[in-house]
Amino acid sequence: LLSIEAASDTRRKPRRPGKNDTALIAHVMIGIGNKPYLRGIGPGLSTDKGVPMDYVDVGRWQWICGEPGADITVSLWKNDEEPAEGDLVTVPAGTTLEIHPQFSH
């Protein structure tokens, strides 16, 4: 039998962005039960429907592009329903960009 502590250690942790990955890390406190989504242009992205970001730590979320060497241009959305304030964000291929988005509510 597994102890409760051992069972909690089996949770999947998101991988860290590699040196050739295009990645976005969002520092945002959006409340329990809410999740940030990305909409945009680039591999695996759409302007009509968001893709969820992966939880990393309290107030920290990430998304890593599935294709190294691709630029992405994105907007961040709360629960794929409310866009963050500000302009689109462009992440050059092979870089990791950290942002601190704000929501109007």
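How many salt bridges does a search of the whole structure find? I get 1 salt bridge, taking that as a side-chain nitrogen of Lys or Arg within 4 Å of a carboxyl oxygen of Asp or Glu.

Ground rules, before I go on. I'm looking at a predicted model, so local features need pLDDT of at least 70 and side-chain atom pairs count only at pLDDT 80 or more, while totals for chains, interfaces and linings use all residues. Residues are numbered from 1 along each chain as its sequence is written, and side-chain values use heavy atoms, with hydrogens and water left out.

**Entry: overall layout.** I count 1 helix and 9 strands, where helices (H or I, at least four residues) and strands (E, at least two) are DSSP runs numbered from the N terminus. Along the sequence the pattern reads α-β-β-β-β-β-β-β-β-β. The chain has 105 residues, and 35% of them count as buried; buried is under 20% relative accessible area, exposed is over 50%, and partly exposed is in between (1.4 Å probe, protein chains only). I also checked contacts, meaning heavy atoms within 4.5 Å. Among those with a separation of 6 or more, 61% join residues 24 or more positions apart.

**Entry: the salt bridge.** The partners are arginine 39 and aspartate 80, at 2.8 Å from N to O. Arginine 39 sits in strand 2 (residues 36-41) and aspartate 80 in the loop between strand 6 and strand 7, 41 residues apart, so the pair links distant parts of the chain. Are the two buried or exposed? Both arginine 39 and aspartate 80 are buried.

**Entry: aspartate 80.** Its relative accessibility is 17%, so I log aspartate 80 as buried. Its side chain also reaches the backbone nitrogen of glycine 50 at 3.0 Å. Neighbours within four places in sequence aside, aspartate 80 touches Tyr37, Arg39, Lys49 and Gly50.

**Entry: the core.** Which residues have the most contacts inside the largest nonpolar core? I find Leu24, Leu38, Met53 and Trp63, in a core of 20 residues. By core I mean a set of buried Ala, Val, Leu, Ile, Met, Phe, Trp, Tyr and Cys residues joined through side-chain atoms within 4.5 Å. Strand 1 (23-27), strand 5, strand 6 and strand 8 (89-91) each supply at least two residues of this core, and strand 6 gives the largest share, 3 residues. In soluble globular proteins, nonpolar side chains tend to be buried together.

I then looked up tryptophan 63. Sequence neighbours within four places aside, its contacts include Leu24, Leu38, Pro43, Leu45, Met53 and Ile72.

**Entry: the surface.** Met29, Tyr55 and Val58 make a nonpolar patch of about 370 Å². The patch rule takes residues with over 30% relative accessible area and no salt bridge, joining nonpolar side chains (Val, Leu, Ile, Met, Phe, Trp, Tyr) within 5 Å and like charges within 9 Å. Areas come from the Shrake-Rupley method with a 1.4 Å probe, and for residues only the protein chains shown count as cover. Valine 58 lies in the loop between strand 4 (54-57) and strand 5 (60-64), and its relative accessible area of 61% is why I call it exposed.

Histidine 100 is exposed at 58% relative accessible area. From histidine 100 to methionine 29 I get 9.5 Å, C-alpha to C-alpha, with the two 71 residues apart in sequence.

Notes: Polar contact = N/O pair within 3.5 Å; in protein donor to acceptor, adjacent residues only side chain to side chain.
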